[in-house]
Amino acid sequence: MRVLVTGATGYIGGRLVPRLLAAGYDVRCLARASGRLRGRFGEQVEIVEGNLEDRAALVAALTGCDAAYYLVHSMASTASFAEVDRQTARRFAEAARAANVKLIVYLGGLGDDRDALSPHLRSRHEVGDILREAGVPVIEFRAAQIIGSGSISFEMTRYLTDRLPVMIAPRWVMTRCQPVAIRDVLAYLIAALSLRHESRIYEIGGRDVLTYREMMLRYAAIRGLKRHIIVVPLFTPKLSSYWVHLITPIPAKLAQPLIKGLHNEVIVRDNAAALDFPDIRPMGFDEAVRSALDRSQSAGRESTWFDAFASQTPPSDFAGLNEGMLIDRRALDAAAPAKRVAAIFTSLGGERGWLAVDYLWRLRGWMDRWVGGSGLRRGRRSPTDLRVGDAVDFWRVEASGPDRLLRLRAEMRLPGRAWLQFEVHPRSGEASTFIQTAFFEPRGISGYLYWYAVAPLHAVVFGAMAKRIVHEAEMSR
């Protein structure tokens, strides 16, 4: 059975694909940048390059597939997001019908249609309705907060609780929710392929119904933290989103639609999922949190919420020494083999930091946060493993060659485009040559002014970092 997965670069899709492969399914993915998925899944997955705006690419990707997962949804806070979602869902459903797909599996959001749902929850329900209109059977799962390492809603809870001993919280923390573990969500998504091909809506949740306040306090108890939450009526969703932006790695533009949805009670009212999936026994909140913490503290997570989100810059067509590119290059000889040098520069960022003058990196991160960027707080998915498409603080891995090359594309807010590239070339014996290059493609006069204004800092930061990389490699015998 061949299945198409859309949204494979995202948090859910990134974990679903390997489980589908393990279950014996033939998996195809549709993605804008095939290199990101190839770095993650290798040759096991067929990748069709394209996007959901291109109907021809959609039909090509869906042709020959028995089923398709629709795991995309806009997280923008602009007024037009709902119309974009409507058009995208309609285009996908019509292409699925044209390609004779037998089943669409869609993951949406919980919420009672009789309530005044937030714009994003209302849009998620509307997308399910539009997918069904084309006539292809649709199995729609509706879930509340997903508990898992790297889940955007769980990470928001985790960072707020970890960092604030006393929380002044808005009234929405008293809203009831039925969170569900990522393991159970994935089990439902895969089990859907074995059902009869007819349209159904399933509400899924874990064993516990809790307010958001109770969830934060129970998380704190599991972590051995003492926390106090004071509820006040003063916070608007917009103000709350700025607070989340300041305290957590989650930007305000992503936090705001999430926070608006927290005003709606999201609990399971229909037990159809329990009847039709008797082998899936959802875990409780405490067990889901412990599992998420175990994964986030291990060597590497499969996926994170920021895998699919770039703060500003789209994938590039980097071609090296382009005309007009401003360059800072450092070349040093290392008394260490290339493999050891590469091991150092591929471990940069996250908790390890950048080896030299980290206070200046932190200052640059804070500056980026204050102007709406991601800053340094995203960290890394894994301290040891690095894939094309991974985020590393405010960079994105754009190219990687084993033991020889790493190129990072900047996702901080800049008047231009920037890259930081590390290369190492073997020499005779145990020696190698290390080359570190910062590239900047300025946008207008402001770009040139920016580059020359920060050039003295670059001389300190990039010079010290290159020397430390070589020193660490030489000392790690």
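Predicted model: local features only at pLDDT ≥ 70, side-chain atom pairs only at ≥ 80, totals over all residues.
1. Helices (H or I, at least four residues) and strands (E, at least two) are DSSP runs, numbered from the N terminus. Residues are numbered from 1 along each chain as its sequence is written.

2. Start with confidence. pLDDT is the predictor's confidence in each residue, from 0 to 100. The protein chain averages 86. A score of at least 70 is reached by 91% of the residues. Read residues 310-315 with the scores in view: pLDDT stays under 50 there. For that stretch the model has 18 contacts beyond four places in sequence. Contact means heavy atoms within 4.5 Å.

3. Now take L160. It lies in helix α6, residues 152-163. Is L160 buried or exposed? It is buried, because its relative accessible area is 8%. The cut-offs are these: buried is under 20% relative accessible area, exposed is over 50%, and partly exposed is in between (1.4 Å probe, protein chains only). Leaving aside neighbours within four places in sequence, L160 is in contact with M167, V244, I247 and T248. D403 is another matter: its C-alpha atom is separated from that of L160 by 38 Å. Those two residues are 243 residues apart along the chain.

4. Look at α9 against α10. Helix α9 spans residues 237-247, and helix α10 spans residues 252-261. They pack at an angle of about 130°, with their axes 8 Å apart. That makes α9 oblique to α10. Axes are lines fitted to C-alpha atoms, for helices over the stretch in contact, and angles run from 0 to 180 degrees between N-to-C directions. Under 35 degrees counts as roughly parallel, over 145 as roughly antiparallel, 65 to 115 as roughly perpendicular, and the rest as oblique. On the α9 side, the residues that meet α10 include P237, K238 and Y242. On the α10 side, A252, A255, Q256, I259 and K260 take part.

5. Helix α7, residues 182-191, is largely enclosed by the rest of the structure, because seven of its 10 residues are buried. They are I182, D184, V185, L186, Y188, L189 and I190.

6. A nonpolar core is a set of buried Ala, Val, Leu, Ile, Met, Phe, Trp, Tyr and Cys residues joined through side-chain atoms within 4.5 Å. The largest one has 41 residues, of which L20, Y69, F141 and L189 touch the most other members. Its largest share, six residues, comes from α7. A second, separate core has 39 residues, including W354, L386, L408 and W451. Beyond four places in sequence, L20 is in contact with V3, V5, Y25, V27, Y69, I190 and L193.

7. Check two loop residues. N100 has phi near 60°, a positive value in a residue other than glycine. It sits in the loop between α4 (81-98) and β5 (103-109). N100 counts as exposed because its relative accessibility is 55%. L355 is not a glycine either, yet its phi is positive, about 70°. Its loop runs between α13 (338-345) and α14 (358-370). L355 is buried, because its relative accessible area is 12%.

How values were computed. Heavy atoms only, no water.
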